[in-house]
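Please open the model in a viewer and keep the selection tool at hand.

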Amino acid sequence: MAKLLSCVLGPRLYRVHRPRAPGAAGGAPGGPQGGNGAGSERGEPAWDSYYQPRGLEKHTDSVLALASVLWSISYYASPLAVFYLYRKGLLTMSRVVPLSHCVATLGLLLAGVACLRGLGRWSNPQYLEFIAALEESHRSGTPEAKRKLGLYTFDFRSWPVDFRWDSAGPAWGGSRAVPLLRDPPRPRGGSRGLLGALRKLPCALVRLLLAHTLGRRMLFPGSVRLLQRALLPTLLQGQARLVEQFGGQRAKLVACDGNEIDAMVIDRRGRDPRGDTLVICCEGNAGFYEVGCLSTPLEAGYSVLGWNHPGFGGSTGVPLPQSEANAMDVVMRFALQHLNFAPPNIVLYAWSIGGFTATWAAMSYPDVGGLVLDASFDDLVPLALKVLPRSWRDLVTQTVREHLNLNNAEQLCRYQGPVLLVRRTKDEIITTTVPDDIASNRGNDLLLKLLQHRYPKVMADEGLRAVWEWLEAATPEEEIPFLGSNRPFSAGSVLRGCAPDEGWCQEQLKAFAGDRSPPFPWSLGEELSPAQRRQLALYLAQKHLQNFEASHCTPLPPQAFRLPWVL
């Protein structure tokens, strides 16, 4: 009876990964290695395809899945439905009571369907093996039990916890939220006290409502459950690829706010020349580690750690700046304390909106080895104003600053380590005009703010103009005159489009840094002529930014992924 109850209440099983015996037939059709029997012939592990439920379980699963989809649709349509019913005068007690009876009856019917599904699972030996492995993992938590559980892909809510944010003792003073950079409070106006607060309350409530309804879903569309259900087959296939082909291990991390974070680690230490470096990947606003930017450093040979935003995939919670930073904190602690990677061997790699969590981690864990930001931006406000009506300008600006403040540039300037920015030359998302207008790409502003913070004397008038001219080069042909050279430096020859002399620039930087590695900002450039500052500014810009001729959502190929420049 206990086993039957476990089958009724157990999670949905999607996939069973089992190595076939040598010489077995090729991969199952439709699997990631479908039709490929060569793996077994070479002695490599081959894998089964999706878990196949039996008739009763299959049909009841379909009914419950349909009910879940209808519930999601009704959830998003509920404000309109309530408004319609109110206008029609249908929200009366005489109408609501019969409706509640219908809802209760439907709930009982679905509970019966769930019990029938449990009976179907109880008759399936594969599901019984899975339940035994799940219960053993929860009970003992041994590496062997978790290894066996890793052979199954199932509803992540039932996955046992692998790591907590306070596993090595409380941090951040025991707070339930990690620190974020906050805008300084505005000076008070004429209206003070309780009356002034009451006058501001309606506008504050409007901003709060806008941020947690329209704003959050526009900023993180991947958190919409309907979209996730549509992507489920693709996500399952991507996760199977990580587990089956690369030996990935799934992990559940609990952040300081209680959110459970779905993570995947592929540890290549001792197996690949680049495996000693761990690349922690931060996905975009509709990205999942199963199919996101994690593949780029993975195929380049690095150890990788991917994770899903709160509310994405198996992660719980909602994606807001505070919960994002909380999630990033537990991911960093997992890499340092559980996986035991040294901070200099960790590189943060972020795509698009993932730049917020990556720059937060770089700011909060300053000993990490480097930071790579791909198709990222400096500040959310200009991009929000681009897509919303101009009449909303003040409302949007205040809403973003109070509730959705992704201040990437501000956080980036707090980091002292190596940085590389990847700019998409045909980016249609983070440009504020049209995709072909490369000068409006907010990656330009991110680079300029970084260089102006680190090298303020070099990025004076002449240096700033030189870098802007280079950033406005929209094609590789237009960029050629700015590319570095090794010819002897001549101050009189530094004209528009003249490439920097790399040897001379390196000598200047090494002479200033010496052995002491002074913290940024540097006073380098005070003694240089305007022409020399122009040369050095171009050199630094080209070392900190890499152009990639593609649109925003084009995956970065592995051969284009490189670690940041180090002096």
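Select Y14, D155, R157, R225 and R229, which lie nearest the centre of the largest pocket, a space lined by 46 residues. A pocket here is an open set of points on a 1 Å grid over the protein atoms alone, with protein on both sides within 12 Å along at least five of seven lines, and lining residues have an atom within 4 Å of a point. The volume of this largest pocket is about 1,400 Å³, where a volume is the space filled by probe spheres set on the points, which are joined across faces, edges and corners. The model is predicted: local features need pLDDT of at least 70 and side-chain atom pairs count only at pLDDT 80 or more, whereas totals for chains, interfaces and linings use all residues. Residues are numbered from 1 along each chain as its sequence is written, and side-chain values use heavy atoms, with hydrogens and water left out.

Next, colour the elements around the largest pocket. At least two lining residues come from each of α1 (2-9), α3, α4, β2 (152-154), α7 (193-219) and α8 (225-246). Helices (H or I, at least four residues) and strands (E, at least two) are DSSP runs, numbered from the N terminus. Which element gives the most to this lining? It is α3, with 9 residues. By class, the lining comprises 19 nonpolar, 14 polar and 13 charged residues; Ala, Val, Leu, Ile, Met, Phe, Trp, Tyr, Cys and Pro count as nonpolar, Asp, Glu, Lys and Arg as charged, and the others, Gly among them, as polar.

Now select helix α3 (residues 55-87) together with helix α4 (residues 93-122); their axes are 8 Å apart and the packing angle is about 145°. Axes are lines fitted to C-alpha atoms, for helices over the stretch in contact, and angles run from 0 to 180 degrees between N-to-C directions. The crossing of α3 with α4 is left-handed, a term used if the near helix is turned anticlockwise from the far one by less than a right angle, with clockwise giving right-handed. On the α3 side, show L56, E57, T60, D61, V63, L64 and A67, which meet L110, V113, A114, L116, R117, L119, G120 and R121 in α4; contact means heavy atoms within 4.5 Å. This contact has 9 nonpolar, 2 polar and 4 charged residues.

Move to helix α10 (residues 321-338) and helix α11 (residues 355-364), which pack at about 55° with axes 9 Å apart. Display P321, E324, A325, M328, D329 and M332 of α10 against F356, T357, W360 and A361 of α11.

The following stop is the second largest cavity, with about 60 Å³ of space. A cavity is a set of points where a 1.4 Å probe fits but cannot get out, and the structure holds 3 of 30 Å³ or more. Its lining residues include L373, R423, N441 and L545. The largest share, 3 residues, comes from β10.

Finally, select α15 and helix α19 (residues 530-544), whose axes come within 11 Å and cross at roughly 125°. That angle makes α15 oblique to α19. L447, L450, L451 and R454 in α15 meet L540, A541 and H544 in α19.

Conventions. Parallel < 35°, antiparallel > 145°, perpendicular 65-115°, else oblique.
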